[in-house]
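Please keep the sequence and the structure in view while reading.

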Amino acid sequence: SSSSTYQPRGAEPRPHLSRATMRWFSLSLAVQGSLAVSHEEHHVVRRHSLYLAPREHRHMSDALLQTQVRHGGLASPMAEALATGSSTDMVATGMKAEYPYYHTSAEIQEEAKRLVKKCSHKASIKTVTNEGVSIDVVTVESKQASPTNRVFILFGEHSRELISPESGLFFLKALCGEAELDSQTAKVAEVLNDNSFQLVLNGNPRSRVQVESGSYCVRENPSGVDLNRNWDEQWQATGMNFADANPGPHPFSEPETRIFKQLVTEFKPTTFLTVHSGTRGMYMPWAYDTSHLADRNQPAMMEILKTLDEKHCKCPFGAAGKEVGYSCPGTCLDWVYDQMKTPFSFAFEIYVSPDEDEDLTNRWKQKVQGGGSSLLEGGSHLAHSHFADLFQRHGSDFVHTSKSAAKQSSRQKDDACFFQFNPDTKECYEATVKNWASAYLEMAHQINQKLKLNSTMIAA
């Protein structure tokens with residue numbers, strides 16, 4: 001029988017689709033780069049969230065192809081082949097069938113290895129294994145320079161946030177000379193003179209495979225632990241407010257977080273960034289505490305975020321925090337800043353669904369103009385009561401309020417997880433990865449300038 005899949009609100013009832021028809025839809029999307037797939041064809045797939053139907057219904061495909069695919073007299077070569085009875089076994093399923101411009105875990109690894117071999121700068125890749133879990137880490141730096149700024153970026157802690165690793169892969173392409181960033185962004189070669197980069201592109205690979213198969217709401221690792229609550233920084237065993245924010249039995253109980261800890265300890269970053277999605281925002285420590293703000297480089301970190309916000313986000317930025325009684329403990333953001341004494345530690349949330357995006361932008365603008373700017377400059381955190389209703393409406397993984405916690409918890413049961421956390425069109429996908437890869441490079445460039453002016457920021 002056909003799979004039960006998400007039907008967009010207000011959409012017309014989905015027609016019964018034969019196996020042959022849906023095989024064509026899947027394959028057309030999977031080979032979109034090499035075959036002509038019309039806008040109308042792509043829209044049909046997105047609208048109906050198609051999956052494979054039983055083979056015995058294949059005889060129904062011809063008429064449906066004529067009505068659904070030949071919209072406006074257009075049909076791709078693959079549609080012609082299937083409409084005339086041709087067949088192929090090259091059928092993509094799950095993520096690759098619906099969104100072929102995303103990369104599977106295997107493709108991310110293969111592409112990273114290829115880029116390292118052909119990179120125009122010094123690049124290497126290694127695999128770190130702990131209790132059978134393996135995670136790749138890529139390092140890129142100039143062949144001649146001695147870097148002032150060591151930048152560690154962690155992508156994909158939460159597996160459903162597919163766009164995070166995708167932005168990291170695009171950033172790696174840019175560092176290696178295979179992708180263009182925004183024209184106003186500092187040049188890669190210039191930045192690499194003083195910056196080295198270490199990138200974990202796929203931080204939750206075992207669960208990402210589940211997401212790639214179509215389980216778009218999986219956030220934790222296979223043990224059900226939230227990797228961004230498992231760090232030994234104000235870790236709490238109880239009191240979590242999100243249904244899928246299990247901190248684990250003890251700090252660093254998970255092989256993934258032990259690998260992250262090993263990598264950052266060895267690399268000794270001067271800049272740390274973790275990349276997420278589900279809303280848009282840019283944060284600095286502390287995530288667990290509203291009584292105290294970051295005590296090192298707080299004005300400098302705020303200045304970096306303010307500059308990046310103007311170019312790349314136009315979204316909430318500043319000190320993360322919690323409403324009293326709603327904690328955000330055990331994060332990598334706080335652990336690296338506190339335990340590693342890393343001068344600059346940030347968390348970015350880089351995407352929210354279009355139906356929330358405009359409201360988020362407008363609400364933030366109103367908050368800033370209504371006194372929020374002076375509050376932030378005066379040292380207030382984003383969980384301040386002035387911003388509370390914004391985060392109640394647009395829940396963040398780093399700024400918790402009572403209502404946002406409840407909203408996030410209920411979201412995990414929603415079939416529309418993909419649309420909340422990831423772009424669902426190629427155009428939006430490409431714009432997102434380019435914008436944020438440009439932001440990562442600009443961040444490194446700005447921080448390096450500050451470190452050069454004030455070397456005391458660098459921990460001994």
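**From a buried ring to the sheet and the cores**

With a relative accessibility of 0%, Phe197 counts as buried, because buried means under 20% relative accessible area, whereas exposed means over 50% and partly exposed lies in between (1.4 Å probe, protein chains only). The model is a predicted one, in which local features need pLDDT of at least 70, side-chain atom pairs count only at pLDDT 80 or more, and totals for chains, interfaces and linings use all residues. Residues are numbered from 1 along each chain as its sequence is written, and side-chain values use heavy atoms, with hydrogens and water left out.

Phe197 lies in strand E4 (residues 195-200); strands (E, at least two residues) and helices (H or I, at least four) are DSSP runs, numbered from the N terminus. Strand E4 is mostly covered, as six of its six residues are buried. Asn195, Phe197 and Leu199 point one way from E4, while Ser196, Gln198 and Val200 point the other way. In a regular strand the side chains alternate between the two faces of the sheet.

The sheet itself is open and consists of eight strands in the order E1-E2-E4-E3-E5-E9-E6-E7, with mixed pairing. Two strands pair if DSSP finds at least two bridges between them. At the edges stand strand E1 (122-130) and strand E7 (317-319), each of which pairs on one side only. On average, neighbouring strands of this sheet are turned by 20° against each other, direction ignored. Axes here are lines fitted to C-alpha atoms, for helices over the stretch in contact, and angles run from 0 to 180 degrees between N-to-C directions.

E4 can now be placed between its partners. Strand E2 (residues 133-141) pairs with E4 in the antiparallel sense over three bridges, and Val140 has Phe197 as its bridge partner in E4. E3 and E4 run parallel and are joined by six bridges. Arg150 stands opposite Ser196 in E4, and the bridge partner of Asn149 in E4 is Asn195. Strands of a sheet pair through backbone hydrogen bonds, either parallel or antiparallel.

Ile153 belongs to strand E3 (residues 149-155) and, at 0% relative accessibility, counts as buried. Although Ile153 and Val200 are 47 residues apart in sequence, their C-alpha atoms are 6.4 Å apart in space. Not counting residues up to four places away in sequence, Ile153 touches Phe171, Gln198, Leu199, Val200, Leu273, Val275 and Tyr440; contact means heavy atoms within 4.5 Å.

A search of the whole structure finds 22 aromatic pairs. Rings of Phe, Tyr and Trp (its six-membered ring) pair if their centres lie within 6.5 Å; planes under 30 degrees apart count as stacked, over 60 as edge-to-face and the rest as tilted. Phe171 and Phe197 form an edge-to-face pair, 5.4 Å centre to centre with 80° between the planes. Phe171 lies in helix H7 (residues 163-175) and Phe197 in E4, so this pair ties together parts that are 26 residues apart in sequence. Phe171 also counts as buried, at 0% relative accessibility.

A stacked pair is formed by Trp231 and Phe260, at 6.2 Å centre to centre and 15° between the planes. Since Trp231 lies in the loop between helix H9 (205-212) and helix H10 (255-267), and Phe260 in helix H10, the pair ties together parts that are 29 residues apart in sequence. Ring pairs also link Tyr99, Tyr101, Tyr102, Tyr216, Phe418, Phe419 and Tyr429 into a cluster.

Which residues have the most contacts inside the largest nonpolar core? They are Phe197, Phe346, Phe348 and Tyr440, in a core of 71 residues. A nonpolar core is a set of buried Ala, Val, Leu, Ile, Met, Phe, Trp, Tyr and Cys residues joined through side-chain atoms within 4.5 Å. The largest share of the 71-residue core, eleven residues, comes from helix H17 (residues 426-453). Beyond its neighbours within four places in sequence, Phe348 is in contact with residues including Leu273, Val275, Leu305, Leu308 and Tyr440. A second, separate core of 20 residues includes Val137, Leu154, Leu227 and Trp335.

Finally, helix H11 lies across strand E6 (280-284), E7 and strand E9 (344-350), and runs at about 165° to E6. Among the buried residues of H11 (residues 298-313) are Met301, Ile304, Leu305 and Leu308. Lys314, which follows H11, has a positive phi near 50°.
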